[in-house]
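Colleague: I am new to this structure. Please walk me through how to read it.

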Amino acid sequence: MRILAFAMGHAIRADDGAGLAVAHGLDALVPGLEVLEVPELRPEHAEAVATVDGVLFLDASVAGTPGDVRAARLVPRPAREAILHSLTPEEILGLARAIFGHAPPGALVTIAGRDFAFGEALSPEVEAALPLAREKAREMAAGF
């Protein structure tokens with residue numbers, strides 16, 4: 001089984017790098033995992049999504065108490081007609097289905113951040129949540 005993980009965020013924006021941090025070591029927990037580190041989701045990512053058996057989206061969140069981990073299955077949806085620069089995970093799945101005829105199962109795993117200022121260090125809350133976020137990602141991938 002081939003699983004693609006989009007590790008999203010900016011490592012120089014403190015907790016915005018949470019998705020990147022979750023991806024580190026995740027390949028040891030999820031067989032067949034390929035990780036792409038991206039600052040944002042772009043339309044061209046739909047082609048890569050259409051070629052795999054499942055896709056994880058790993059990201060930081062501004063919603064929730066810092067350190068909260070959330071995991072949810074995704075439902076593909078059509079992309080907005082006026083694509084600015086980035087898309088949502090659901091829109092990437094929808095584009096993969098519309099253009100390439102296949103949208104694999106997808107899941108989003110997020111950690112709520114506290115600090116999104118410039119800097120490379122994660123907040124203590126996000127750092128402490130990394131093992132749980134990796135486990136949630138493993139569980140989601142196992143369900144694909």
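Modeller: We take the sheet, then the helices, then the pocket. This is a predicted model, where local features need pLDDT of at least 70, side-chain atom pairs count only at pLDDT 80 or more, and totals for chains, interfaces and linings use all residues. Residues are numbered from 1 along each chain as its sequence is written, and side-chain values use heavy atoms, with hydrogens and water left out.

Colleague: What is the order of the strands in the open sheet?

Modeller: Strands (E, at least two residues) and helices (H or I, at least four) are DSSP runs, numbered from the N terminus. Two strands pair if DSSP finds at least two bridges between them. Here five strands run β2-β1-β3-β5-β4, with mixed pairing. β2 (33-38) and β4 (69-74) are at the edges with a single partner strand each, so one side of each has no neighbour in the sheet.

Colleague: In which sense do β1 and β2 pair?

Modeller: Parallel, over six bridges. Ala5 has Val35 of β2 as its bridge partner.

Colleague: Which strands does helix α3 touch?

Modeller: Contact means heavy atoms within 4.5 Å. Helix α3 (residues 89-100) packs on the sheet and touches β3, β4 and β5. Helix α4 (residues 124-142) lies across β1, β3, β4 and β5.

Colleague: Which residues lie nearest the centre of the largest pocket?

Modeller: A pocket is an open set of points on a 1 Å grid over the protein atoms alone, where a 1.4 Å probe fits, with protein on both sides within 12 Å along at least five of seven lines; lining residues have an atom within 4 Å of a point. Met8, Leu41, Asp59, Leu87 and Pro89 lie nearest the centre, among 13 lining residues. β3 (54-61) and β5 (106-112) each supply at least two residues of that lining.

Technical notes: Axes are lines fitted to C-alpha atoms, for helices over the stretch in contact, and angles run from 0 to 180 degrees between N-to-C directions.
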